[in-house]
Amino acid sequence: MQGWITRLLLCLSLTVISGCDSPGPALRIGTNVWPGYEPLYLAREQGLYDHHIKLVELPSASDVMDALRMGHLEGGALSLDEVLSLVQEGQDLVVVLVFSFSAGADVIMAHPDIKTLGDLRGKTIALETTAVGALMLKNAMEFAELQDDALHIRHIGLSDHLNAYKAGSIDAMITFEPFSSELAHAGAHVLFDSSAIKGQIVDVLAIRREVITQQQRPIQELIQGYFQARRMLRTTPAAALAIMNQRMRMPEDDVGKMFDGLELADIAENRRLLSGDPSPLSRHSDHLALIMVKQKLMMTPPALKHFTTPRFLPESS
């Protein structure tokens, strides 16, 4: 019953964008709140997207994945492991853009009395039901040589971590900005971050394969606008960060840290990663899929054919 209600609410929210019964002409791109995706919204605020491009903000990556499964989106901003999970399920997706690499942006935070990862034994840790959370937890437990049953796990939405932490119902959590800054102000500190597993958490834009030929111009405009917003972030960072923080809602003193721990991929790096068959990103995806199988995040690695394309990248930034 709960899953049915969730799907109904998701459908109702997406009806506002374009309707659940008919896909419509718009290119609907789902995201959750994450600094690496914010240049998309900065581009929208700067009037770079017309009515054919609809950015759909959803509460979590899991909701973006569900909306793609139900056919309510043409594409989604997700981590690479989440895209691989969808492909393994049978969703035919193509990566058209690499946003960023997490090199410290994803973190495990804990109560100040918990000094090391080993101190998590017997404690309660909160995380979302996403592949990123599972990857972070599995790697941290391997680093600390903790068994699977050493921690109590609670699946809680990111926006609820702070209240649960203040109430004392959780001891640690897997999180990222803007939530990590709020938790830091409440006294939590970082125990482990994604710099220790650099390369495993990659944020990408994945589009349904049939949409690649049907909506070429909107996809190109979407990516062009993203890189124009990236240029604004370089040339007028204070103004760009102020606009983006209207959505991120980070404490004013922390706004300048919005992209800390993220390595943003430029056009040249995107072209290198997405070109060829198999492309460097495809080969990386094969390796990541094997890690996910080993960590029991999927049963078998997906067969990746023509998994990436650089065709929508602008010539220069």
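The model is a predicted one.

**The nonpolar cores**

In soluble globular proteins, nonpolar side chains tend to be buried together. Here the largest nonpolar core has 76 residues. Those with the most contacts inside this core are Leu84, Val96, Leu97, Val98, Leu205, Leu222 and Ile223. Apart from this, there is a second, separate core of 21 residues, which includes Ile108, Leu127, Leu146 and Ala150.

Not counting residues up to four places away in sequence, Leu84 touches Ser285, Leu288, Ala289, Met292, Met298, Pro302, Leu304 and Phe307.

Next, look at helix α2, which covers residues 38–45. How many of the eight residues of α2 are buried? Six of them are, so the helix is mostly covered. The buried ones are Glu38, Pro39, Leu40, Tyr41, Leu42 and Ala43. They pack against strands β1 (27–31), β2 (53–57) and β4 (93–102), and also against α9 and α10 (237–248). After α2 comes Gly47, whose phi is positive, near 75°.

Pro39 is among the buried residues of α2, and Gln228 lies in helix α9 (residues 216–235). In sequence, Gln228 and Pro39 are 189 residues apart, while in space their C-alpha atoms are 8.6 Å apart. Gln228 counts as partly exposed because its relative accessibility is 29%, which falls between the 20% and 50% limits.

**Charged pairs**

Side chains of opposite charge can pair when their charged atoms come close. This structure holds twelve salt bridges, and three of them are set out below.

| Salt bridge | N to O distance | Burial of the two residues |
|---|---|---|
| Glu74 and Arg28 | 2.6 Å | Glu74 buried, Arg28 buried |

What do Glu74 and Arg28 link? The pair joins distant parts of the chain, 46 residues apart: Glu74 is in the loop between α3 (61–69) and β3 (75–79), and Arg28 is in strand β1.

Lys198 lies in the loop between β9 (189–193) and β10 (202–208), and Glu263 lies in strand β11 (residues 262–264), so this pair ties together parts that are 65 residues apart in sequence.

Salt bridges can also form a network, as they do among Glu38, Glu57 and Arg247. Glu38 is one of the buried residues of α2.

Now compare Glu128, in the loop between β6 (124–127) and α5 (131–144). Where is the nearest side chain of opposite charge to Glu128? That side chain is Arg69, 13 Å away. Glu128 is buried yet has no salt bridge, because a salt bridge needs the nitrogen and oxygen atoms to be within 4 Å. Leaving out residues up to four places away in sequence, Glu128 touches Ser60, His155, Ile156, Gly157 and Leu158.

**Empty spaces**

Rolling a probe the size of a water molecule over the atoms shows where empty space is left. The count comes to one cavity of 30 Å³ or more, and the volume of the largest cavity is about 220 Å³. It is lined by 18 residues, and the closest to its centre are Glu82, Asp106, Thr130, Val132 and Phe176. Helix α5 and strand β8 (172–175) are the elements that give two or more residues to this lining.

Thr175 has its place in strand β8. Is Thr175 buried or exposed? Thr175 is buried, because its relative accessible area is 1%. Beyond its neighbours within four places in sequence, Thr175 is in contact with Ala105, Asp106, Val107, Met109, Leu158, His161, Ser180 and Leu183.

The second largest pocket holds about 230 Å³ of space. Its lining includes Ala105, Val107, Met109, Ser180 and Lys257. The elements that give two or more residues to the lining of this pocket are β5 (107–110) and α7 (179–185). The largest share, three residues, comes from α7.

Notes: Residues are numbered from 1 along each chain as its sequence is written. This is a predicted model: local features need pLDDT of at least 70, side-chain atom pairs count only at pLDDT 80 or more; totals for chains, interfaces and linings use all residues. Side-chain values use heavy atoms; hydrogens and water are left out. Helices (H or I, at least four residues) and strands (E, at least two) are DSSP runs, numbered from the N terminus. Buried means under 20% relative accessible area, exposed over 50%, partly exposed in between (1.4 Å probe, protein chains only). Lys and Arg count as positive and Asp and Glu as negative; His and the chain ends are not counted. Contact means heavy atoms within 4.5 Å. A nonpolar core is a set of buried Ala, Val, Leu, Ile, Met, Phe, Trp, Tyr and Cys residues joined through side-chain atoms within 4.5 Å. On a 1 Å grid over the protein atoms alone, a cavity is a set of points where a 1.4 Å probe fits but cannot get out, and a pocket is an open set with protein on both sides within 12 Å along at least five of seven lines; lining residues have an atom within 4 Å of a point. Grid points are joined across faces, edges and corners, and a volume is the space filled by probe spheres set on the points.
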